[in-house]
There are 2 protein chains.
Amino acid sequence: MCGTNNATADPTTAAHTISASTPYQRVDDFLSNVGSYKIIESTLREGEQFSNSFYTTEMKCKIATMLSDFGVDYIELTSPVSSPQSYEDCKTICKLGLKSKILTHVRCNMEDAKKAVECGVDGVDLVIGTSSFLREYSHGKSMEMIRKTALEVIEYVKSKGVEVRFSSEDSFRSDLVDLLTLYKAVDKAGVNRVGVADTVGGATPRMVYDLIRTLRGEVETHFHDDTGCAVANALTAIEAGATHVDTSVLGIGERNGITPLGALMARMVVTSPEYTKSKYNLKMLKDIEEYVASCVQVNIPFNNPITGFCAFTHKAGIHAKAILANPSTYEIIDPSLFGLTRYVSITSRITGWNAVKSRVQQLGYSLTDDQIKEVTAKIKQMGDIRPLAVDDADSIIHSYNLSLQQATVA
Amino acid sequence: MCGTNNATADPTTAAHTISASTPYQRVDDFLSNVGSYKIIESTLREGEQFSNSFYTTEMKCKIATMLSDFGVDYIELTSPVSSPQSYEDCKTICKLGLKSKILTHVRCNMEDAKKAVECGVDGVDLVIGTSSFLREYSHGKSMEMIRKTALEVIEYVKSKGVEVRFSSEDSFRSDLVDLLTLYKAVDKAGVNRVGVADTVGGATPRMVYDLIRTLRGEVETHFHDDTGCAVANALTAIEAGATHVDTSVLGIGERNGITPLGALMARMVVTSPEYTKSKYNLKMLKDIEEYVASCVQVNIPFNNPITGFCAFTHKAGIHAKAILANPSTYEIIDPSLFGLTRYVSITSRITGWNAVKSRVQQLGYSLTDDQIKEVTAKIKQMGDIRPLAVDDADSIIHSYNLSLQQATVA
């Protein structure tokens, strides 16, 4: 079990050990919100834009309930304007009485905003494209038209006593002066949050840091994963002062999706362990991922952080030896935080005798180190010829021990 | 096809457009190597540490050949000390005459180094744990002992006319002064590269930038993906002056693996399009991933960058409308660079009439905008009830058109 070897090496506090023992301090300066970040969970909005998604009302209610129990601050739903059932489902979820606040995500126009308010949501997330690409090819509006409409819609939503967020779309390909002018105007109009979205998934951590640090107040961020940076960008945004991060379970969304809830938890439980462990019910993660995966008919990716089938499997001899002495050597996350366990594999040609020794002891045999090296060579020999099943190595150990006993008898 | 609508919006040059039109410049300062980074491909070393890996000699040769044809600079192999077959395979691959240089990765001791040189490799990658965790629980050596052994082994490898890299392990939990002292010593001894490894996958982009920018010369970096940052960390390392990045196909390796080759290509084709397109044979990526996936018996993750089944699928009405007008609106990567195509889905309740209009035109019907809005409502109506197959929307369009014709006749 973790931490039984050495109190200072308890992996449940490994992140603290890192901060204390190296010059690479956790980023905890005046901008950073790593100890207070909030999650806007969008499996029921962005996730509905995933190619495979079709949610029944029952699925939506179950997903929303699980996410609320997990501890996310907000749950975002598909626009009620999308279809009649989307409208009904939005109303139904608002009436569930969940701990999480319910949002819906609509285009920045009066008609959509009215429908949203009708549904009884706690907040309305307004969005409009601000890059030259989207202004030219999507809605055709100038920045001045965007500003004018935004102010009217914001005033309306606020007059109904409902929270309102205003987000640009494709923010990282928008002109910075345009963006800041617009954010200043909507801030003055009293929005609760502004949103920054890497809609095409092209932003880098440095681009994120540079943009987010220019903003103040409640800032929500949304990162697509087309270039594999959605988790790091979310972390960097929080370091730069963002207060809220959008996620979806397994990252499902348009194209290959957005920051996954689980991978963000992996990142933040290392960067900000106390806050993350106290705020989120981490042991629910696997059940939530499995339920959503079954709803949208995908498998959990083999290489998924935390819940991938081998995320806590150790194979090379040199790794296995050290992990058996102290799990912190090759694990930055304690699997038990997520209700999971580690596995040390000895069934391959790259195993080592220290790992085999541990298995020999588990099986109750007393072999000398030289004998263990001999049986390790036999395992490697078979591992050179074919893939080994979990019990193959055990069979070789049993057989080796038997031949030793017979030799003694003889 | 991409770019036929507007010359300035050609997605094959989208990254340049970003740099030119926003203040968030590509990081291209004096430290950055984004225009000259090299790949050390470790599917045959780190990848053999993946839980499911068992490679036959034939598989190893085929993978090495594909990676060489793809254009990676180095191919790294499992230590020949691991098993007799590992030794034989290392010799075999060295004799293939590939364009890529062949490396093997061994513990920093004389016995391992001699075996490596015997095999005929172009270079030997030496590694030893330098964090207090690994020094205490893995090999038990002091920094002084590490330095002394390293210098002897480096001298030996160089005397044989073979390239040598010296890497610390668990670098981000090692003491900075210890690390720099050691790197200075091995640099003086004439190593070709030093290596920095985030062995436990806990590093963040800022930690990476802070460490890598202190180093000069050839610097190789190795990032595990336990906290979802392996791609962003690799980019950040290159921005901070790293010259080489370790990858494996689909990221396979210990636990949930390292920086995936494909995701790194997605990142770098956006950050440094000209260099990446000219150096790497991007159209081979899908075949390489599929072959390696079949060798280690996994599926391509549904959300994989570039080759995930829906990486270029657009679903929400607002996205579909814009992508049909100009693909750069919602695509940062042109799928044709990788020999792939995009797909615009209209089979859901969140589709929009502009997307349906495009499909109506593809089917050869002439409907008015009002008629298209009516048929869109019918598609949404069915999309509210059940998941739609690709041809369901077509059936609804055919049926609607037929009823229009019959009404005209009547």
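The following note sets out numbered points on a predicted model containing chains A and B.

1. Relation of the two copies. Chain B is superposed on chain A by a rotation of 180°, with 0.0 Å of shift along the axis and an RMSD of 0.1 Å. The two copies are thus related as by a two-fold rotation axis. In chain B, the C-alpha nearest this axis belongs to B:Pro301, at 2.3 Å from it.

2. The interface. Of the interface residues of chain B, 100% are also interface residues in chain A, so the copies meet through the same surface.

3. UniProt, in an unreviewed entry, places the feature "domain: Pyruvate carboxyltransferase" at residues 37-286 of chain A. Over residues 37-286, chain A is 44% helix and 18% strand.

4. Overall build of chain A. Chain A holds 16 helices and 10 strands. The C-alpha trace of chain A spans about 95 × 50 × 35 Å along its principal axes. Among contacts in chain A with a separation of 6 or more, 72% are between residues 24 or more positions apart.

5. Burial and surface of chain A. Chain A has 410 residues, of which 63% count as buried. Its accessible surface comes to about 14600 Å², and carbon and sulfur atoms contribute 51% of that area.

6. Charge in chain A. There are 42 positive and 49 negative side chains in chain A. The centres of the two sets lie 2 Å apart.

7. Which values of phi do A:Asp170 and A:Leu250 take? For A:Asp170, phi is near 55°, a positive value in a residue other than glycine. A:Leu250, also not a glycine, has a positive phi of about 60°. A:Asp170 sits in the loop that runs between β5 (163-169) and α7 (176-188) of chain A. A:Leu250 belongs to the loop between β8 (244-247) and α10 (261-271) of chain A. The relative accessible area of A:Asp170 is 1%, so this residue is buried, the cut-off being under 20%. A:Leu250 likewise counts as buried, at 2% relative accessibility.

8. A:Glu218. This residue is in the loop between α8 (205-212) and β7 (219-223) of chain A. Is A:Glu218 buried or partly exposed? At 38% relative accessibility, A:Glu218 counts as partly exposed, because that class lies between the limits of 20% and 50%. Not counting residues up to four places away in sequence, A:Glu218 touches A:Asn192, A:Arg193, A:Val194, A:Thr243 and A:His244. A:Gly308 is 90 residues from A:Glu218 along the chain, and their C-alpha atoms are separated by 33 Å.

9. B:Thr65. Helix α2 of chain B (residues 57-70) contains B:Thr65. With a relative accessible area of 30%, B:Thr65 is partly exposed. Leaving aside neighbours within four places in sequence, B:Thr65 is in contact with B:Leu96 and B:Leu98. B:Thr65 and B:Ser100 are 35 residues apart along the chain, and 8.8 Å separates their C-alpha atoms.

10. The loop between α13 and β10 of chain B. B:Pro327 lies in this loop, which runs between α13 (317-325) and β10 (343-344). B:Ser336 is found in the loop between α13 and β10 as well. Where do B:Pro327 and B:Ser336 stand on accessibility, buried or partly exposed? B:Pro327 is buried, with a relative accessible area of 4%, whereas B:Ser336 counts as partly exposed at 29% relative accessibility. From B:Pro327 to B:Arg342 the distance is 9.1 Å, C-alpha to C-alpha, with the two residues 15 apart in sequence. B:Ser336 and B:Lys283 are 53 residues apart in sequence, and their C-alpha atoms are 8.4 Å apart in space.

Notes
Residues are numbered from 1 along each chain as its sequence is written. Chains are lettered from A and ligands numbered from 1 in the order in which they are written. This is a predicted model: local features need pLDDT of at least 70, side-chain atom pairs count only at pLDDT 80 or more; totals for chains, interfaces and linings use all residues. Side-chain values use heavy atoms; hydrogens and water are left out. Copies are superposed by least squares on the C-alpha atoms of residues with pLDDT of at least 70 in both. Contact means heavy atoms within 4.5 Å. UniProt positions are given in the numbering used here, feature names are shortened, and annotations may be inferred rather than shown by experiment. Helices (H or I, at least four residues) and strands (E, at least two) are DSSP runs, numbered from the N terminus. Buried means under 20% relative accessible area, exposed over 50%, partly exposed in between (1.4 Å probe, protein chains only). Accessible areas come from the Shrake-Rupley method with a 1.4 Å probe; for residues, only the protein chains shown count as cover. Lys and Arg count as positive and Asp and Glu as negative; His and the chain ends are not counted. The place of a charge is taken as NZ of Lys, CZ of Arg, CG of Asp or CD of Glu.
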